[in-house]
Amino acid sequence: MAYSDKVVEHYNNPRNVGSFTKDTPGVGTGLVGAPECGDVMKLQIKVNLETGVIEDAKFKTFGCGSAIASSSLATEWLKGKTVDEAGKIKNTDIVNELKLPPVKIHCSVLAEDAIKAALADYKDKHAPQTAGAASK
Amino acid sequence: MALKFPIFMDAQSTTPCDPRVVEAMLPYFTDKFGHPASRNHPFGWEAEAAVDAGRGRLARLIGARDPKELVFTSGGTEAINLALKGVAEMYREKGTHIVTTVIEQRAGIDVCKRLERQGLQVTYVPVQPDGLIDVDEIRKAVTDKTILISVMFANNEIGTIQDIAAIGKLAKEKGILFHTDATQAVGKTPVDVEAMGIDLLSCTAHLVYGPKGVGALYVRRKGPRVRLAPLFDGGGHERGMRSGTLPVPLIVGFGRAAEICQESMVEENRRIARMRDRLQDMILSSVDEAFLNGRPDRRLAGNLNISFAYVEGESVLMGLNKETALSSGSACTSATLEPSYVIAALGASTELAHSSIRFSLHRFNTDEEVEYVGQRTIEVIKRLRDMSPLYELAKEGVDIKTIKWKAE
């Protein structure tokens with residue numbers, strides 16, 4: 001199977017590989033997938049607590065080239081978006097951008113899951129300290 | 001010598017035709033095009049003589065007493081189908097049980113699955129962590145209904161060479177037929193159907209520097225005389241076991257390829273094993289948590305199979321595929337989207353099955369290619385590990401098995 005140029009490009013030059021310290025203020029971490037399925041993605045966002053804008057994003061992925069490309073693309077798209085806007089990124093957007101074939105659609109689904117997990121983690125950690133919403 | 005790209009180290013998937021093989025074949029496409037079953041003119045005689053010579057060369061390579069014991073097929077898959085289905089149908093009165101292993105190649109497994117659907121019983125003997133089948137496990141699996149034991153000679157992924165002679169001896173003791181899928185073994189390691197007690201043996205030309213499209217099934221004629229129901233009906237060629245016009249040029253090529261293998265096997269294996277060992281040492285000495293799959297001391301000379309923990313196989317191949325052809329047990333590289341069942345059967349974690357890479361060296365590889373592929377592999381693994389969340393967790397001292405993963 002031949003890879004699309006965009007997948008190859010992201011694989012060769014992945015954007016935003018790396019990690020933030022998990023407990024840094026503003027950081028949300030998503031870890032999705034499973035080693036026995038052959039795909040694990042860790043995706044992190046760093047949100048400006050004043051503006052609610054994602055200032056930085058990083059990923060690490062265990063998986064095929066399409067999984068690496070999907071998560072690399074996701075970090076690119078996340079930067080500059082608000083938390084709410086980020087929640088609207090869909091796996092189909094990733095499929096279209098990277099021209100993923102049907103057998104690789106699960107990679108884009110995993111990337112969407114990773115975004116959602118990172119956002120949820122961020123919201124969990126930074127929930128307003130009001131009635132009953134104790135921070136975890 | 002300058003390197004020529006891409007470098008081919010996927011010789012257990014196929015091999016290039018040896019130029020000497022092509023040279024031998026060429027006249028049989030044009031000048032010597034006769035039908036070997038044409039008994040009444042020189043074109044036929046010439047073709048028949050060529051087929052007989054090819055058959056004789058292959059017979060010598062596998063130690064067959066009589067070249068007539070070889071039945072030409074379209075390849076290894078057909079030979080395996082003919083052996084298993086042919087015996088199952090012909091000996092149905094005698095019994096309905098087959099003993100095979102979990103590490104057979106796809107053709108072997110799939111034919112057995114079909115036979116099961118048709119009412120036969122099949123026992124799939126497990127494999128030990130080192131890749132070897134325990135002969136006692138086969139002994140235990142045999143029943144009074146068993147008509148056939150089918151065990152591959154050398155594995156296509158991990159290269160492990162089974163104790164075929166011991167299995168042959170067991171089969172003789174029990175009076176059961178013994179088939180071996182020797183598609184990866186013939187021409188690469190000594191095979192002797194007489195000394196090893198083999199009744200049926202499948203092999204193929206394209207893995208021994210011969211052409212694609214031809215294989216053979218050895219069918220023992222004496223002690224015991226094996227009978228087979230054919231897969232195809234037709235002109236009754238190949239002693240009635242495989243109807244169809246023989247592909248004379250391919251058989252000539254197969255014969256020549258067998259002859260070259262026989263002449264050069266000892267020297268060639270020494271050379272290929274030396275290159276393989278160099279590649280193995282390079283990689284294992286510079287990459288941590290890289291695990292050799294299969295038993296190192298009972299392995300095809302060209303085979304090297306390593307699982308690189310924390311990186312996924314397809315991504316490794318992708319990092320190399322412009323310059324080097326390798327293969328992986330990763331699900332993403334298989335038609336079935338399942339990771340290697342062979343590596344998984346060794347008891348390795350599924351993750352390590354996804355992470356396995358097979359290097360298979362061949363006659364035309366060079367020391368320079370080995371150095372290059374070794375270096376590049378090390379670089380790619382390091383790059384991917386820097387990108388791997390699993391490697392990061394492991395380095396932090398987290399045991400990945402203790403994490404509750406949400407499998408899709």
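Mentor: A residue is called buried if 20 or more other C-beta atoms lie within 10 Å of its own, exposed if 12 or fewer, and partly exposed in between, with C-beta atoms placed from the backbone. Helices (H or I, at least four residues) and strands (E, at least two) are DSSP runs, numbered from the N terminus. This is a predicted model, in which local features need pLDDT of at least 70 and side-chain atom pairs count only at pLDDT 80 or more, while totals for chains, interfaces and linings use all residues. Residues are numbered from 1 along each chain as its sequence is written, and chains are lettered from A in the order in which they are written.

Trainee: What is the strand order of the open sheet in chain B?

Mentor: The order is 2-8-7-6-5-3-4, seven strands with mixed pairing. Strand 2 (70–73) and strand 4 (121–125) of chain B are the edge strands, each pairing on one side only. From one strand to the next the twist averages 20°.

Trainee: Which strands does helix 3 of chain B lie across?

Mentor: Helix 3 (residues 76–90) of chain B lies across strand 2, strand 5 (146–150), strand 6 (177–181), strand 7 (200–204) and strand 8, at about 160° to strand 7. Helix 6 (residues 164–174) of chain B lies across strand 5 and strand 6, at about 155° to strand 6. Axes are lines fitted to C-alpha atoms, for helices over the stretch in contact, and angles run from 0 to 180 degrees between N-to-C directions. Contact requires that the C-beta atoms of two residues, placed from the backbone, lie within 7 Å.

Trainee: Turning to chain A, why is strand 3 described as largely enclosed?

Mentor: Seven of the nine residues of strand 3 (residues 54–62) of chain A are buried, so the rest of the structure largely encloses it. Eight bridges join it to strand 2 of chain A, and the two run antiparallel. Ile45(A) stands opposite Ala57(A) in strand 3. The two strands form a hairpin with six residues between them, and Gly52(A) in the turn has a positive phi of about 75°.

Trainee: How many residues are in contact between the chains?

Mentor: 26 residues of chain B are in contact with 23 residues of chain A. Helix 8 (313–320), helix 10 (350–354) and helix 12 (389–395) of chain B each give two or more residues to that side.

Trainee: What are the confidence scores?

Mentor: The model scores ipTM 0.90 and pTM 0.93. Chain B averages a pLDDT, the predictor's confidence in each residue from 0 to 100, of 95. The mean for chain A is 91, but pLDDT stays under 50 over residues 130–136 of chain A.

Key:
Pairing = 2+ DSSP bridges.
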